[in-house]
Amino acid sequence: MSSTAIDTTHGAHGEHHHGGFVAWCLRWITTTNHKDIGTLYLLWSLLMLFVGGGMAMIIRLELFQPGMQFVRPEFFNSMTTVHALVMVFAMIMPAFAGFANWMIPLMIGAPDMALPRLNNWSFWLLPFAVGLLLLTFFMPGGAPAGGWTLYPPLVLQTGDAFPFAVFAVHLLGVSSILAAINIIVTIMNLRAPGMSLLKMPMFVWTWLITAYLLVVAMPVLAGAVTMLLTDRYFGTSFFSAAGGGDPVLFQHIFWFFGHPEVYIIILPAFGIVSEIIPTFSRKPLFGYAAMVYATASIAFLSMVVWAHHMFTVGMPLAGQLFFMLSTMIIAVPTAVKIFNWTATLWKGSLTFETPMLYALAFLFLFTLGGFSGLMLAMVPADIQYHDTYFVVAHFHYVLVPGALFGAFGGAYYWLPKWTGHMYDEKLGKLHFWLTAIFTNVTFFPQHFLGLAGMPRRIPDYAPQFTDFNMISSLGAFGLGLSQLLFVYIIIKCVRGGPKATAEVWDNPSGLEWTVPSPAPHHTFDEPPVVK
Amino acid sequence: MTIRTRVLAPVLALLALSIAGPAWSDFELNMPVGVTETSREVHDLHMLVLWICVVIGAATYAAMITAIVKFRKSNGAVAAKFTHNAAIEVVWTAIPAAILVAMAVPAAETLIRMEDTRDSELTIKVTGYQWRWHYDYIDEGVGFYSTLDRESNAARRTGSGIDPTTVDNYLLKVDNDVVVPVDTKVRLLVTAGDVLHAWWMPAFAVKKDAIPGFINEAWFNADTVGTYRGQCAELCGMDHGFMPIVVRVVSQEDYDAWLNTQRARVSALTQ
């Protein structure tokens, strides 16, 4: 049997103590198993949640009251910059890559990802890329402090860290592109007999579309940062007016990557929520085909709205009108998705386990983030909102209760499948309520701050902004602390707990529930037949 | 450090709220109404969109909450089997689209007026530098730098020990105010000398990026005498948070008098 050969080189669960510590390390470094790599991705993103979260704590600590108490302004700017880079590239994207690795082969009845060695490489690029990025804190001139958007000319004032940060972005991009290619090839080629595209679970669909977006968007970012590099070291002037270039050109290129990136982050969360809600409503997803088309429309539209991040740069009137209208149109497929999830709940038979609680919070709070997004699309109003805390509130509402709650929900949903044990439901619910409440305490007051006129990315503020900043900081500390509970719940679940059945939940649909819990190291060596 | 922070911060917060809270209380919830026609239109638009969102939100949330309350398994709810409904799906695609059109029309109208910089009566060139503004009244031969007020600048140093609440208009006061006459269409030519900045005056609903090598146009026509405060709105490096903008709107006579003293100062310097 061919699987024997694989087992001798990579070992299976429980066999890794034979060769001691070195062999154990080598097993994880050289693994090509989709479940191992999925686990690595997920643990990595959990670690990064605390690295990026620690930076958020420093930001909120300094903003707790007016005056500069703890850090210098330049370090504060590094904190906001690297917090964003870590959360986007090192935490949330790897988290969803982890879900993809674990679940896509199980959901489509494939034995593994199509390109297992590439899979290993795309994960192991990550620690090096992020290590490089974090090392810049110890370089002369400090870590990048020009914002995660890397706008020139400011970003060109970065110290020795500059080329390292650019190289780190390149590596992160390579890692994401390789993962995306692998996902596309897997979904296109390894589906079990009978699983046509329109029979795929929604999570697989959203990831297929996300992977295409990654392949389109990430090379554009790589191009943009390479142009920054040549502007600084090789005498080009892409972004310098003195040499015939234009700083705004960078913004156009960056946001041509940046807006699809927003949907790269949120679409997999849409997919997870589309799995969770039907399971706990005991009712199939409402309007499956409409959901697929809405996701595809959102992905397409995401590539033609980029300049809505740039309404104050002095675009021609016609350009502003185009980007306002295209942005508003995105609200239609997004609304369709929200209505479809609500209709899935309608006349269901609902229970409220932790994954469902996260999915419902996602539904409520992502909608709220969508509303502030609609407000931001109106150009004249955006002139006031732009670069204020209103924007900070908006994107944190779509990223935290949106993407992160999606990931939390998914973690609780599939944790029994991964570990073979049920997690502690009581603690899971406690984690949910703490997280949901503190998320709102942290980010809701930031709407008010922005409307009252507080610019974003400032380390200090006028005293009239004090009250809401204090509330926001307190919420942030609570939110940060609550995540320690999440780590405890995971450790507890890995070590033991009530034995999970293969189905785990009450008659869920999907091939992943046909394999035992924990899922054996190798699954679907013989493809299942889908009717 | 973060662990200590997490423990200490809530305690500090409660102390601070109980001691100094009232002195700082503002709790401003909404966008203030400005002093130009444009800013009032923008405010109206903001309220319009906000209320539309509130109404749609109320309906959507009502449906979600009803489902959550009514269709609980613990209440004996049995799941229905339906998977789609073409009619209702067409309706809830069409309705949002119609609402969007209704919002886009007034937004476009306001935008078109905001972009119309013709027939201005006074032109000021605004140049952003790290970290101050320079104002050039190009037809009057008057120009000056405008920098963060000295008292704020001392208080804002890390660990200065100065209580910001004791500083007059902390972080929102400059050494040289921009002075403009009331009821006058003022055109701004906005640019920068080093990196990107953005000139933002909330009371006028003007926010324009200052881009080195390029000149952006903006305008305002303030109809109320007073002092208005804003800040740089585009991250421009270390002291981005410390380059405020202050515009004093005065009567035509006061403006003329101010202009004369400025001219006298310039000629004294050039002699």
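Two strands pair if DSSP finds at least two bridges between them. Helices (H or I, at least four residues) and strands (E, at least two) are DSSP runs, numbered from the N terminus. With that, I can start.

This is a predicted model, in which local features need pLDDT of at least 70 and side-chain atom pairs count only at pLDDT 80 or more, while totals for chains, interfaces and linings use all residues. Residues are numbered from 1 along each chain as its sequence is written, and chains are lettered from A and ligands numbered from 1 in the order in which they are written.

Chain B first. Its secondary structure comes to six helices and 10 strands. The radius of gyration, taken over C-alpha atoms, is compared with a globule rule of 2.2 Å times the number of residues to the power 0.38. For the 271 residues of chain B the rule gives 18 Å, but the value is 26 Å, well over that, so chain B is more spread out than a compact globule. Its C-alpha trace spans about 90 × 55 × 35 Å along the principal axes.

Now a sheet in chain B. Five strands form an open sheet in the order β4-β10-β9-β6-β7, with mixed pairing. β4 (178–181) and β7 (206–210) are the edge strands, each pairing on one side only. β6 (residues 197–201) pairs with β7(B) in the antiparallel sense, over five bridges. B:Trp199 has B:Lys208 in β7(B) as its bridge partner.

Next, two helices in chain A. Axes here are lines fitted to C-alpha atoms, for helices over the stretch in contact, and angles run from 0 to 180 degrees between N-to-C directions. The axes of α4 (residues 73–108) and α13 (residues 389–419) of chain A come within 11 Å and cross at roughly 30°. That makes α4(A) roughly parallel to α13(A), a label for angles under 35 degrees; over 145 is roughly antiparallel, 65 to 115 roughly perpendicular, and the rest oblique.

Which residues of α4(A) and α13(A) meet? Contact means that C-beta atoms, placed from the backbone, lie within 7 Å. A:Phe96, A:Phe99 and A:Trp102 are among those from α4(A), and A:Gly410, A:Trp414 and A:Trp418 are among those from α13(A). The residues of this contact divide into 11 nonpolar, one polar and no charged. Ala, Val, Leu, Ile, Met, Phe, Trp, Tyr, Cys and Pro count as nonpolar, Asp, Glu, Lys and Arg as charged, and the others, Gly among them, as polar.

Last, the two chains together. 90 residues of chain A are in contact with 87 residues of chain B. On the chain A side, helix α10 (residues 317–345) gives the largest share, 14 residues.

Note on methods: Two residues are in contact if their C-beta atoms, placed from the backbone, lie within 7 Å.
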